[in-house]
Amino acid sequence: MDFLSQFIIAPSGQHLKLLEFLAVLIYAIHLPYIAMVIGSTALAMWLTFSDHELPTPHFARLADDLLRTFLGNGLTMFVLGVLPLLALPFVYGQWFDEVLLAPLGYIVMPIPGIFLGLACLRMYRASYSGRKTAFNRHMGMGLLGLALLLGSYFVLISSVTRLQDPEKWYRLKNLVILLLNWNVIYKFLYFVHAAFAITGVGILFFMFRWSNRSTVDDPEYAAFVRKFGAGMALAFCFALPVFNLLYVFTSPDVVFDGTVYLLAVANVFLCMVIAYMMLATLRARHPRFLVSSFVLVLLVFITSSTFDVRAMANANREHAVLLETQAEKEKMEREANIEAAMAAASGANLGEETFNKVCMQCHRFNEKLVGPPLAQVLPNYTLETLKAFLANPNKSMAGYPPMPNPGLTQAQIAAVAEYELSHYKAASGGAAADTTQTQTEVTK
Ligand code: HEC
């Protein structure tokens, strides 16, 4: 098992990049959907209420169309609304592995509220046809669902936004402090405005392009829907850059790098292009730019969530560096372990090999060659003194030239010294072994 754990990769810079990508992907799937659900429900409620006060057939028909178009069936709700939210805490949990922070808890906290809100909206939609008899119940259900969603997203957005401000983490034990911050409030207002902007563009896209509903059969209704959708998208796309800039200006300095600035500028630019398209749609006799404006509004969501994820990564760069050095250290340790294991496996041979290759050039055990017979000199040595001598030969016996430094590595010195002393002990029997023993004790 120990052996296996050597191959598990510690979180590194690469790993964090992948998590950033996953977070953006989750937001890109989830946020446009939930924004359209919130925007369309709020509009449907307003239209229903107006129709209730002063019957207006177009209003009632559009409310019905909105409810049937945007919430989607059970599968849509699960894939776009539920699944991404369940994945989100895991991504952030991986990012902030081992630094359990209060904001992480706040990412999980709003999730049940969001599910409950979606369930309320399903019931709200189901009670639409019976609204004449149970108007208050119908509207109450819608209000409850909207309130749950808006409240939950306020908490979710603020905890994600606050992860971009590591210095303040220690103060975030309290939920109220988490929410009361201009940066957070601007981000939330941005989200609400973006919800109405994408709903406006979505009305045009889904009702004129996507579905084969008979919107266009009735030219009067079609003109009403076109003006309603385009007018709303125009107004909110104009307002969006304001909140975007307020949000950017109140973000802490640590979050900024070239990419983040570029994303903020791209976001404003995209809103302007969509506003222009909506203006053209209002002036024309038929809706225009249906697909391109919807793609652009999705890009608005993607750039804004990439901005947030990048900003969070920048703010926590130190954390990334920490993980990186830790991974590097672990890697070196693993390699050192492997090397040591290999050395241990071949250590017995290393001593003998070195002796045969190097020492045998000048020494024999019992004969005099260039150097003295080793059996004669080894009794004077312990393992430690022999190692010291081999690292730096500096003695001179009468009748011999000085021994040149054999230039061995530490591992070779240790191995050859051990090999020789044990060899000598074995060759000269117990008596010699005793001498070495006593000498070892003396040197100690
Ligand atoms: C180029 C020849 C040469 C090589 C290679 C060589 N030696 Fe020596 N060695 C000598 C000579 C010459 C002396 C005698 C110098 C002296 O008086 O210490 C000596 C002396 C020694 C001594 C005794 C030192 C003392 O005076 O107490 C030891 C122990 C020794 N060698 C071990 C080794 C070992 C182990 C190796 C292999 C790693 C080795 N030598 C390789 C030439 C060599």
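A: pLDDT is the predictor's confidence in each residue, on a scale from 0 to 100. This is a predicted model, in which local features need pLDDT of at least 70, side-chain atom pairs count only at pLDDT 80 or more, and totals for chains, interfaces and linings use all residues. Residues are numbered from 1 along each chain as its sequence is written.

Q: What is the mean pLDDT of the protein?
A: The mean pLDDT is 84, and 85% of the residues in the protein reach 70 or more.

Q: And where does pLDDT stay under 50?
A: It stays under 50 over residues 1-9, for which the model has one contact beyond four places in sequence, two residues being in contact if their C-beta atoms, placed from the backbone, lie within 7 Å. The other stretch I would mention is residues 430-444, where pLDDT also stays under 50 and the model has 13 contacts beyond four places in sequence. Where pLDDT is low, the predicted coordinates should not be read in detail.

Q: OK, how many helices and strands does the protein have?
A: The protein has 16 helices and zero strands, where helices (H or I, at least four residues) and strands (E, at least two) are DSSP runs numbered from the N terminus. Among contacts between residues at least 6 apart in sequence, 76% join residues at least 24 apart.

Q: How much of the protein is buried?
A: Buried residues make up 35% of the 444 residues; a residue is buried if 20 or more other C-beta atoms, placed from the backbone, lie within 10 Å of its own, exposed if 12 or fewer, and partly exposed in between.

Q: Which residues touch the most other members in the largest nonpolar core?
A: In that core of 93 residues, A194, A197, V201, A233, C237 and I274 touch the most other members. Helix α9 (residues 182-210) contributes the largest share, 17 residues. A nonpolar core here is a set of buried Ala, Val, Leu, Ile, Met, Phe, Trp, Tyr and Cys residues joined through C-beta atoms within 7 Å. A second, separate core has nine residues, including L374, L378, Y381 and A417.

Q: Changing topic, how many residues surround the ligand?
A: There are 23 of them, the closest being C359, C362, G371, M397 and M403; a residue is near a molecule if its C-beta atom, placed from the backbone, lies within 6 Å of it. Helices α15 (383-391) and α16 (410-443) each supply at least two residues of this shell.

Q: Last one: what is the phi of F289, and where is its place?
A: F289 has a positive phi of about 55° although it is not a glycine, and its place is in the loop between α11 (258-283) and α12 (290-315). F289 is buried, because 21 other C-beta atoms lie within 10 Å.
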